[in-house]
Amino acid sequence: MSSKLKRKLKCIGSKDEESSHIQIHSAKSAKTVAKAKSSSSADEVNNSMGTRLAKSFYNQSCKALAKALLGKVLVRHCKDTGEILRGVIVETEAYLGGEDKGAHSYNGKRTKKTEAMFMEAGTCYVYNIYGTYCCMNISSEGEGAAVLLRGLDPVDGIDHMQKIRSQKTLKEKDLCNGPSKLCQALKISKDKFNKVDLTTSDELWLEDGESLAEEKIVTSARINIDYAEEWADKPLRFYILGNKSVSKRDKSAEVSLTESR
């Protein structure tokens with residue numbers, strides 16, 4: 001295991017080791033998650049994988065899934081270069097479906113664009129914003145419900161992410177600290193990954209990481225959904241306390257969390 005990944009899995013979300021409540025879910029995952037090397041060989045990629053999250057993991061309510069995804073590892077296998085890119089999920093938002101005025105599927109709206117939100121839990125829902133950028137979501141239980149990935153803490157393939165994201169060198173914390181940034185850094189596009197099953201894809205999947213205690217998960221309102229009326233203030237965004245790759249901190253929510261301990 002690389003020392004970098006070991007530090008991420010042990011200390012992510014903690015300002016010091018004493019306050020960390022993170023536990024490694026799988027010894028196999030902890031030993032193998034950083035071993036993938038650049039290769040176009042499917043056998044080599046499979047041999048280097050950690051514990052891939054199965055369908056049973058995604059089969060839970062949207063809000064529960066949004067929390068459970070924190071600390072898990074998003075993996076992108078770039079077949080054109082053989083590169084393996086990995087990042088720990090540090091920020092999510094839940095979109096609950098029919099009743100949720102912030103969701104694309106509000107009022108049961110099922111269109112060509114939103115179809116992935118109604119598919120089996122664990123399906124990738126990717127949509128375009130501002131013409132050229134993308135956002136990645138993962139479907140959960142519930143009609144039209146899905147979780148938006150808002151932030152990743154980069155682990156493997158950081159140099160490759162740098163080249164993809166910018167001509168200039170970015171700070172590591174700025175590579176994937178936003179939904180469109182992480183899609184760009186990991187080369188996740190609507191054309192390639194919308195409606196893809198994350199439990200079977202050989203180019204995009206999730207691996208087990210660590211389990212976070214509730215006192216390390218900040219709960220706050222979602223971002224940039226003023227159109228959602230009273231739903232704009234619902235506490236449906238979740239992120240790891242103290243992590244630098246979170247797109248936007250809610251300091252008042254953090255204070256409330258620490259005071260409730």
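Let's start at the largest pocket, which has 23 residues in its lining, with Tyr127, Ile129, Cys135, Ile223 and Asn224 lying nearest its centre. Keep in mind that this is a predicted model. The space in that pocket comes to about 430 Å³. As for where they come from, β3 (83-95), β4 (124-129), β5 (133-139), β6 (146-156) and α7 (179-185) each supply at least two residues of the lining. The biggest contributor is β4, with 4 residues.

Tyr127, one of the residues nearest the pocket centre, also leads us to the aromatic contacts. The structure holds 2 aromatic pairs. In one of them, Phe57 and Tyr58 sit edge-to-face, 5.3 Å centre to centre with 85 degrees between the planes. Phe57 and Tyr58 are both buried. Then there are the rings of Tyr125 and Tyr127, whose centres are 5.4 Å apart and whose planes make an angle of 40 degrees, so that pair counts as tilted. Tyr125 is buried at a relative accessible area of 1%, and Tyr127 is buried too, at 12%.

Now move over to strand β10 (residues 237-240). What does β10 pair with? It runs antiparallel to β3, joined by 3 bridges, and here Glu93 stands opposite Arg237. It also pairs in the antiparallel sense with β9 (residues 217-220), this time over 4 bridges. Ile217 has Ile240 of β10 as its bridge partner.

Arg237 and Glu93 turn up again when you look at charges. Together with Glu91 and Arg150, they are linked in a network of salt bridges. The general idea is simple: side chains of opposite charge can pair when their charged atoms come close. In total, the structure holds 19 salt bridges.

Which parts of the chain does the salt bridge between Arg76 and Glu203 tie together? Its closest N and O atoms are 3.7 Å apart. Arg76 lies in strand β2 (residues 73-78), while Glu203 is in the loop between α8 (190-193) and β7 (204-207), so the pair ties together parts that are 127 residues apart in sequence. Arg76 is buried, with a relative accessible area of 4%, and Glu203 is buried as well, at 15%.

Another salt bridge brings the side chains of Arg86 and Glu207 together, at 3.2 Å from N to O. This one also links distant parts of the chain, with Arg86 in strand β3 and Glu207 in strand β7, 121 residues apart. Arg86 and Glu207 are both buried.

One more salt bridge to look at: the side chains of Arg249 and Glu254 meet at 2.7 Å, N to O. Is Glu254 buried or exposed? Its relative accessibility is 9%, so Glu254 counts as buried.

Technical notes:
Residues numbered from 1 in each chain as written. Predicted model: local features only at pLDDT ≥ 70, side-chain atom pairs only at ≥ 80, totals over all residues. Heavy atoms only, no water. 1 Å grid on protein atoms, 1.4 Å probe; cavity = no way out; pocket = protein on both sides within 12 Å on 5 of 7 lines; lining within 4 Å. Points joined across faces, edges and corners; volume = space filled by probe spheres on them. Pairing = 2+ DSSP bridges. Salt bridge = Lys/Arg side-chain N within 4 Å of Asp/Glu carboxyl O. Buried < 20%, exposed > 50% of the residue type's maximum accessible area, 1.4 Å probe, protein only. Phe/Tyr/Trp six-rings, centres within 6.5 Å; stacked < 30°, edge-to-face > 60°.
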